[in-house]
Amino acid sequence: MQRETQSLSRLRKAAPNSLPRPDGELEALERAWAPPKGWRRLSAVNNTQVGLWYIGAALLFMLLAGLLALMMRTQLALPQNDLIGPTLYNQLFTMHGTVMMFLFAVPVVEAMAVYILPAMLGARDLPFPRLSAYALWAYLIGGLMFFGTLFFDAAPSGGWFMYPPLTSYEYSRGIGADFWLLGIGFIEISAIAGAIELIVGTLRTRAPGMSLGKMPIYAWTMLVVGAMIVFGFPPVIAATLLLEIERAFQWPFFIAARGGDPLLWQHLFWLFGHPEVYIIFLPAAGMISTMVPALARTGLVGYRWVVAALIGVGILSLGLWAHHMFATGIPQLSLNFFSAASMAVAIPTGMQIFAWIATLWRGNVQRSTPTWFLLAFFASFVFGGLTGVMLAVVPYDWQVHDTYFVVAHLHYVLIGGMVFPLFAALYYWAPLVYGRKLSERIGTWACALMFSGFTVAFLPMHLTGLLGMPRRVHTYQAGLGWDALNLVSTLGAFTLASGIALVFVDLALSSRRTRPERPNVWHAGSLEWLPQGAYGVRSIPRVEGQYPLWDNPALAPEVQSGQHYLPGTATGARETIVTSPIDASPQYLLLVAGPSWLPLLAGAGTAAFFLFLTVKLMLPAALGGVIALVACWLWLWQTDRGPVHAPVDIGGGITLPVYASGSVGHSWWAMVVLLLVSGTILSALVFAFYYYWTIAPGPWPPAPDTLPAWPWPAAAALLCAGSARLLRRARQALDRHAHRGLRAHLGIAALTSLSAWMIAIHGQWQAGSLATAHAFDASVYALLSYQGLFVAVVLIMAAYLLARSLAGVLDGIRRVSFEVCRLFWLYTLWQGVFVLAVIYGSAALAGAT
Amino acid sequence: MSVSIGSRLLLLTGGLLIWAGLFLFSYILAALACARGFADSAWLGVGVVPLGLVLAAVAAMAGLLRLIRHARRLGARVQHARRLDDTAGVSADVARMVCLLAAIAIAWHVLPVLISGTHC
């Protein structure tokens, strides 16, 4: 802390670096960050390139899903229309919802962050650029293959939330549901990879001086959203795993006849599904909080209130999941809590809206396309939010559940709350890509068409729903009062589509008139409007307020001329500064990974593994898995380079090391976030385990003798503890540079970890427990299998560390790989003990063992 | 005084984490009360479930008060020291606002059960 304070005092001195800068400094920086040319461009990993591809891919999926929506609206334009049959219609609405939610909405907000956030934080790149590239390729290749199922009549048809028993093996025999479960499962993994990148990037790569109190609201938003992804997405990963296992191996998690419960799926799905609405909305809110001050030429009113509101929405939204389940017959007592939480979340949302209105009121608003889109947002989102409060009232929800009223509400929230701000953002930040504004004329027309089309399409749907039209019907009888309303909605949908098409025309036209410079056309105060090259900023700015470009009008020329920190490349490689998470005090220089084919190979291999597995082509699936594994291995091998350079002077009297291990290192932080994800998946499985207890009509467990005698779990737990002890010895050996001792302890610890798991599973098997017999047994095996997955990863990690030790690239100094693997390993061991305690301890508590 | 990011995040989110704890407790209590049939049970003439909920809510509110006091002391220290860096001041303010949100959410959470009863 003393070191941090000293650094901060240095920050307050003016001009960290002096002029003139040495000859060749800028050229060296440009060489280090030169993007690959020609077809090698696909190996690019830096955020400005990957971010753009990511945004483009997400918009492509929006267009594809939008086309499906137009097909559905054409079918519904007239009663008893036979243009599209019920089977295809089922696939269309399933794919529309799935693609919009999983392949457009979440990826596009992460993609925008990948592109904008580093520049806004004053970083040269995100800390793990190859991870971003991997997330992009896995998502794009997997997403396209998933969408392609429509052309082979293999698309899922159970709705975007895939409720069993409709999607169970008995009622959905094709591979459509499997495509959904495996495809979406791994796309979620890609989203989590993005979240890890954004969390660590926000906390550790902010410009010196950008303390938490000066952090842009958009960065706060992405921090909250990252945390929400960490805690919100794992339940659906757990759910998709359980349903796929049920379909593949008949473990009866959701089959009522064998102790399961289809409602468990709904709980797990909506534990993810409701936070997801806010995961989509909050980044849009962050963009609005950035755009509104720039467009109104005044600071955001109520910065601290908005931060509190973001935290409020983030946490409250995790307690709303059952408000999608009011009509399922869950106890009225429980409904009370969910209804109350659903209404309470409107308060922090409203706080943000009032802050934006107050900012616009106080400022001098620029009349431009982003402003029009923001006004469209206000009108539609507030309307959608209010119908949301109506739906939070249980008796009202019962009346309109699964009708077009809900369809109207969710589109008002999602299009109003995310699409309009996104399009405002496209127009607002387009000058960063094109060097100039997009066409104001086309943009204004596009906004008018989109807003009017949206209103004409979705406003009447409230009435259609109140008149009783259920969602997801492929046609309807004439004369029920729905005919005119549906026709109007269809006309509106095509008008909305024409507005969106106009935006793409504008983007295409502008791409032919690109300029190299990035002018601050809105006179905004945030750092992304600093002059930038392929390397990001020439020198990393010192930040003194929430709006650095307003606080110091000379900042742009100072940064451009190299007067701020790290005005070039100190090591000849790509670098950015890692700062402390609270005060943003410089800590070390991060050597950022450069272009590589490995993320592309790993992403393609991962996608191939999951998708070939779905169609039961085991050999290609195994090949995909091996490619992914080898690519990841090689990729990681290159990352832990050790202190390859002496400490460097970044200016202002600050000298930074080029390597850091332990809890200071950014990799350690990424692993901690990954472990939070792992722990949350485990919590979802434990939730399922106890859920069966609450619904069990008789004794629980149903057959107590299917749990092994205590010596088995006790032996497994002891072996876990022993393995942890051996890891400690391995660390001590590393400290002493005792390589043989390190290898011996690592090898024995790996075997001990494996033995612990094998003893636990053998004990269960020996007791006569069959996973197919009952949901209780299935949930026990699910917990043990989850542990098995972690043990498998631990074995790979052990092999990796042994290989590094043998290759001489692991020692007492070059040790990040060891620290990170050790953290995961220790978590695995304690998870093993916890799983055993849950299974055997709680069964004993229930009086069964 | 050294402050870790963990304790700072805990301060910022503490109010709503208390709400989350109460929410989890209520959810489990309701699930067990309805599954095991003690939703309408009473102790000394007072319903067990409403009593449990109110006690938990009182404990949660006490936790919030403690957190608000802690945040206020932090804010006062920042003002007193006139530190240039405003992170602690922002954190103290945000923590208090989050506590206020949590207090509303907790009151709103318990009220329906007291009004509409504990039917399953």
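**Where chain B meets chain A**

Mentor: Start with one pair of residues. In this predicted model, B:D93 forms a salt bridge with A:R304. The closest N and O atoms of the two are 2.5 Å apart. That is inside the 4 Å cut-off for a salt bridge. How many salt bridges are there between chain B and chain A? The count is one.

Now look at which parts of chain B do the touching.

Next, take the whole interface. On one side, 45 residues of chain B are in contact; on the other, 42 residues of chain A. The size of an interface is often given as the accessible area lost when the parts come together. Here chain B and chain A bury about 3,900 Å² between them. Carbon and sulfur atoms account for 76% of that area.

Step back to chain A. It has 26 helices and four strands. Its C-alpha atoms fill a box of roughly 80 × 75 × 50 Å along the principal axes. Is its radius of gyration what a compact globule would have, or something else? A compact globule of 849 residues would have a radius of gyration near 29 Å, and chain A has 27 Å, so the two agree. Buried residues make up 62% of the 849 residues in chain A. Look at contacts in chain A between residues at least 6 apart in sequence: 81% of them join residues at least 24 apart.

Finish with one residue inside chain A. Where is A:S779 placed? The answer is helix α25 of chain A, residues 775–806. Is A:S779 buried or exposed? A:S779 counts as buried because its relative accessibility is 3%, and the cut-off for buried is under 20%. The side chain of A:S779 reaches the backbone oxygen of A:F776 at 2.7 Å. Leave out residues up to four places away in sequence, and A:S779 touches A:F253, A:F689 and A:Y692.

Technical notes:
Residues numbered from 1 in each chain as written. Chains lettered and ligands numbered in written order. Predicted model: local features only at pLDDT ≥ 70, side-chain atom pairs only at ≥ 80, totals over all residues. Heavy atoms only, no water. Contact = heavy atoms within 4.5 Å. Buried area = accessible area lost by both parts, 1.4 Å probe. Salt bridge = Lys/Arg side-chain N within 4 Å of Asp/Glu carboxyl O. Helix = DSSP H or I, 4+ residues; strand = E, 2+ residues; numbered from the N terminus. Rg over C-alpha atoms; globule rule 2.2 N^0.38 Å. Buried < 20%, exposed > 50% of the residue type's maximum accessible area, 1.4 Å probe, protein only. Polar contact = N/O pair within 3.5 Å; in protein donor to acceptor, adjacent residues only side chain to side chain.
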